[in-house]
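Hello,

Here is the structure I promised to pass on. Have a look at it first, and my notes follow below.

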Amino acid sequence: MSKKANPPPPPPARGAQVLLALGLAESALSLFQWSQLLTLRQGGATVCGVSDHVNCETVWNTPFAGAVHEYLRMPVAGLGLVWGLVAVALSALYLVWQRGGRPVRPAVNGLRLTAAAGVAACAVFAAVSASTGVLCPTCLGTYVLTLAFAAVAWKGLPGALLPQAGEWGTTLKWTVGFTAAAYVALLVPGMQTPRSSSSSSATVAQTAPLPGSLEAYLKSLSAQEQQAVSDALAAYRRDIPLPALSAARRLYGTTSAPVKMVEWTDSRCPHCKSLVEALAVMKKRLPEGKLSLEARQFPLDSECNFTMPPQATDGSGIRCVAAKAQICIEDAPDYWELREKLFAVQRSLTSRDVVLQVLSSGSVSRMQLDGCIARQDTERKLRDDIAYARQHDLHGTPLVVVNGREAAAFPAFLYALVLADGNPDASAFGMLPAPRALQAHHEH
């Protein structure tokens with residue numbers, strides 16, 4: 001009597017189940033990082049902006065992160081989500097094939113290649129993070145999940161560690177296919193995510209066109225910057241000018257300037273810091289009489305901002321104190337210098353005392369600041385600033401209004417608009433590419 005050979009046991013499912021869970025966890029963390037990046041780009045505070053030395057924001061604003069976003073059209077968090085989705089898809093593929101009795105080697109190989117790519121990416125990003133001298137807590141979470149994924153992929157799955165002869169084609173078909181699908185699916189939100197404004201500030205700081213030469217300045221911009229200026233210009237043209245709700249309290253320049261700019265900032269908003277730095281450069285470069293500037297306050301803290309949701313506070317009161325203290329020094333001869341000094345040390349603003357120490361380092365004493373901050377008149381001025389900002393439907397900081405119209409807080413655009421004496425229809429703007437909204441309309 002002949003005996004039937006027993007079929008080989010099915011490959012184990014446990015390793016792939018663990019990989020599926022790790023892939024889902026990494027995807028969720030990447031989504032959270034992306035949402036926090038959007039919060040940061042809109043001028044809000046992130047949960048991991050803990051201190052000067054524990055701060056994800058610093059890492060997300062590095063030139064390397066900006067270059068990744070520029071060339072791959074999505075932020076690093078978006079790439080992390082791509083990796084997580086590929087890990088989830090290949091783990092699920094393994095489990096489906098395992099239950100159906102199909103060979104699982106293409107999925108095994110794909111999971112190990114994905115793990116290797118994740119480890120390599122983590123090594124690069126960790127080196128960049130270390131170079132800043134700042135600890136990024138959510139980045140550490142990503143590294144831990146990715147390394148755990150690699151350990152399970154290499155030791156918890158069956159078969160040879162590397163694809164064997166004849167396995168590469170099927171392996172790459174599934175792995176590259178899932179990667180391409182995830183990347184394409186996330187490309188639109190990736191392109192819509194605002195980039196770091198550091199490069200924009202540099203454009204104004206490093207470019208020295210002839211005074212009043214709008215055409216020369218526009219020609220000096222990169223193709224991407226020209227496109228951004230065109231998009232901002234189109235939005236500016238569409239906006240309806242609104243009258244100011246309250247008179248200026250402190251003005252840089254003269255009331256006869258052709259460009260009347262009002263800006264609202266929050267002391268701990270990174271984009272506000274970039275804007276203040278860019279405006280400081282503009283004031284030095286622009287011919288006298290072209291620009292008048294008002295600085296208004298919009299602290300992103302519900303303790304002193306009635307438009308913010310109740311949970312929008314960290315309990316420190318730093319933003320509120322900084323806003324009121326800036327109002328209190330508006331009559332000081334060194335107002336603009338003190339304000340720029342405050343934003344220059346933004347990462348060090350970890351307490352009320354630090355804020356007051358900076359703003360009392362000039363012509364206004366600490367005693368004067370303490371007394372002024374407690375006055376009802378200061379509270380009223382802050383409420384006036386907030387109400388004025390809400391007239392323009394402010395959703396985040398910074399907000400910039402030029403001649404009554406909301407303007408993109410993009411330094412290159414603002415500089416160009418001032419060179420044009422506030423005229424959005426200046427002939428030199430004709431050299432710019434069509435705005436993207438208009439391009440999309442024509443393409444359809």
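Of the 444 residues in the protein chain, 48% are buried (under 20% relative accessible area with a 1.4 Å probe, protein chains only; exposed is over 50%, and partly exposed lies in between). Please keep in mind that this is a predicted model, where local features need pLDDT of at least 70, side-chain atom pairs count only at pLDDT 80 or more, and totals for chains, interfaces and linings use all residues. Residues are numbered from 1 along each chain as its sequence is written, and side-chain values use heavy atoms, with hydrogens and water left out.

The protein chain has 18 helices and four strands, taken as DSSP runs numbered from the N terminus (H or I of at least four residues for helices, E of at least two for strands). Among its contacts (heavy atoms within 4.5 Å) with a separation of 6 or more, 78% are between residues 24 or more positions apart.

Leaving aside residues up to four places away in sequence, Phe413 touches Val229, Ala232, Leu233, Tyr236, Ala407 and Ala408.

The axes of H14 (residues 352-359) and H15 (residues 366-373) come within 9 Å and cross at roughly 120°; the axes are lines fitted to C-alpha atoms over the stretch in contact, with angles from 0 to 180 degrees between N-to-C directions. H14 is therefore oblique to H15, as angles under 35 degrees count as roughly parallel, over 145 as roughly antiparallel, 65 to 115 as roughly perpendicular and the rest as oblique. On the H14 side, Arg352, Asp353, Leu356 and Leu359 meet Arg366, Leu369, Asp370 and Ile373 of H15.

Ser365 sits in the loop between H14 and H15 and is partly exposed, at 32% relative accessibility. Its C-alpha is 9.8 Å from that of Ile329, 36 residues apart in sequence.

Finally, Ala151 lies in helix H6 (residues 137-155) and is partly exposed, with a relative accessible area of 42%.

Best wishes
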